[in-house]
Amino acid sequence: MHAAVPDTRGVKVSDFKVIASLLASLYLLIPNFGPLASEAESTKHPSQSNQLRLAPGDYKQNYADADYTTDSLSLENRVGTPANLKQVATATHLGLPDLPVPDGNKPTAEKIALGRKLFFDRRLSRNKTMSCAMCHIPEQGFTNNELARPIGFEGRGLKRNAPTILNVAFYRRLFWDSREFSLEQQVWAPLLAANEMNNPSIGYVIETIRAASDYDGLFETAFNAPVNMQSIGQALAQYERALIGGNSRFDRWYFGGDKSAMSATEVDGFKVFTGKGRCAQCHLVGPDSALFTDHQLHNTGIGYADSMLKDNQPVPVQLAPGISTRMDPAQIASVSEGKPNDLGAYEVSQDPVDRWKFRTPILRNVTLTAPYMHNGDLLTLEEVVEFYNQGGVANESLSPLIQPLGLSVAEKESLLAFLNTLNSDNLRTLVADAFAAPIGDTGSEEQ
């Protein structure tokens, strides 16, 4: 249906200011994006192509227009098809290295299914309203395309972007600041964080699961033991390790030898990526596989700018289709929780040399996982390319790898086209499987 333009008669200007301030405080994004380009549109970069969606959903495309048409996805229509995720987790994927799996947590169908159930269960938050999937939304690339930074427990703000968990199993270190090394351990951070799922203790989570009759026997079947801290982490890690995929058009061209898999423009873009664009200095491409990361932390200047170069310019805020305004930052601050400064890896190491260093992300499925950077400040890949083309933001700890590039318009266009070749070929399978998972809502004692 078409979104109606609201009747504003009788509404005070001050009311609009409050509403606008609240919206701005949520870091709302209304990008014109579509998750996955079709093969037929392969020669165009994301902002130019007619996007082929992974699933129905309100992607806010052209939201700024007064005649915006919503395409929201109700829970009743959220249906999917279960996939054989154990097969996904154990298969060979063209372009990907062997999947690292700890000895004590080998994949089984029962463990993966249990992890998927936990991932979508909103009862695992303190007020029974938030699940892991509410920040890592399947049809939005297992991230959140509409928010620069997620909204956590009871509206509390987070200071970092929710990274995609597609291919997360291949990271050597986890979180933007690389403070964790194991998926089994990492999952407990959001479960216990006060501004995320807000559980007061590990025991509270365990007791929540024990009290849910639909979990009866599941841990015993999967782990031969009742639910405990270790098996919760292992189950969630098992599901996340099944969210992998390669065999992109780039993989078929580069590793598979299919010269028809990429267009001439995209091939030119790969040359920019590995050459003048200097992208491959951090986003590595190996002879047999490519994760497009060096697993290192770098200061690109964007964290420095966020902390040290804040301005007081009016902030644009979209109120409704066709209705926008600009707000003074002081007005926004009056009704919102301020975002704390983020010093990156320094917050882990306490070493000044690590100020504003953040982990190099994997670039697979990058056209699907906007917004970009650790804080979600760059909404489009065009902005990302231009940021690096300008040489990041100068500061005393800027990585020496970050330098002005001097890319031409044609080179930037071809680079964007190349990035559109990195989408895994099984994304719809993973999303359809996610849609088949139970939500775990307080509306039903069993679900």
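Start with the cysteines: a search of the whole structure turns up zero disulfides. Keep in mind as you go that this is a predicted model.

**Stop 1: Cys132 and Cys135.** Select Cys132 and show its side chain. Cys132 takes part in no disulfide, and the nearest cysteine sulfur, in Cys135, sits 8.7 Å away. Now pick Cys135: its closest cysteine sulfur is the one in Cys132, and at 8.7 Å that is too far for a bond, given that a disulfide needs the two sulfurs within 2.5 Å. Are these two buried or exposed? Cys132 is buried, with a relative accessible area of 14%, and Cys135 also counts as buried, at 12% relative accessibility.

**Stop 2: helix α14.** Next, select residues 381-389, which make up α14. Color Leu381, Val384, Val385, Phe387 and Asn389: those are the buried residues of this helix. What do they pack against? Bring up α11 (302-308) and α15 (409-419), and you have the partners of those buried residues. Before moving on, step just past the end of α14 to Gly391, which takes a positive phi of about 90°.

**Stop 3: α14 against α15.** Keep α14 on screen together with α15. The two helices pack at an angle of about 130°, and their axes are 10 Å apart. α14 and α15 are therefore oblique to each other, and α14 passes α15 in a right-handed crossing. To see who touches whom, show Leu381, Glu382, Val385, Glu386 and Asn389 on the α14 side, then Lys412, Leu415, Leu416 and Leu419 on the α15 side. Sorted by class, this contact has five nonpolar, one polar and three charged residues.

**Stop 4: α10 against α15.** On the α10 side, select Thr265, Glu266, Asp268, Gly269, Phe270, Val272 and Phe273. Their counterparts on α15 are Glu411, Ser414, Leu415, Ala417, Phe418 and Leu419. Seven residues of this contact are nonpolar, three are polar and three are charged.

Note on methods
Residues are numbered from 1 along each chain as its sequence is written. This is a predicted model: local features need pLDDT of at least 70, side-chain atom pairs count only at pLDDT 80 or more; totals for chains, interfaces and linings use all residues. Side-chain values use heavy atoms; hydrogens and water are left out. Buried means under 20% relative accessible area, exposed over 50%, partly exposed in between (1.4 Å probe, protein chains only). Helices (H or I, at least four residues) and strands (E, at least two) are DSSP runs, numbered from the N terminus. Contact means heavy atoms within 4.5 Å. Axes are lines fitted to C-alpha atoms, for helices over the stretch in contact, and angles run from 0 to 180 degrees between N-to-C directions. Angles under 35 degrees count as roughly parallel, over 145 as roughly antiparallel, 65 to 115 as roughly perpendicular and the rest as oblique. A crossing is left-handed if the near helix is turned anticlockwise from the far one by less than a right angle, and right-handed if clockwise. Ala, Val, Leu, Ile, Met, Phe, Trp, Tyr, Cys and Pro count as nonpolar, Asp, Glu, Lys and Arg as charged, and the others, Gly among them, as polar.
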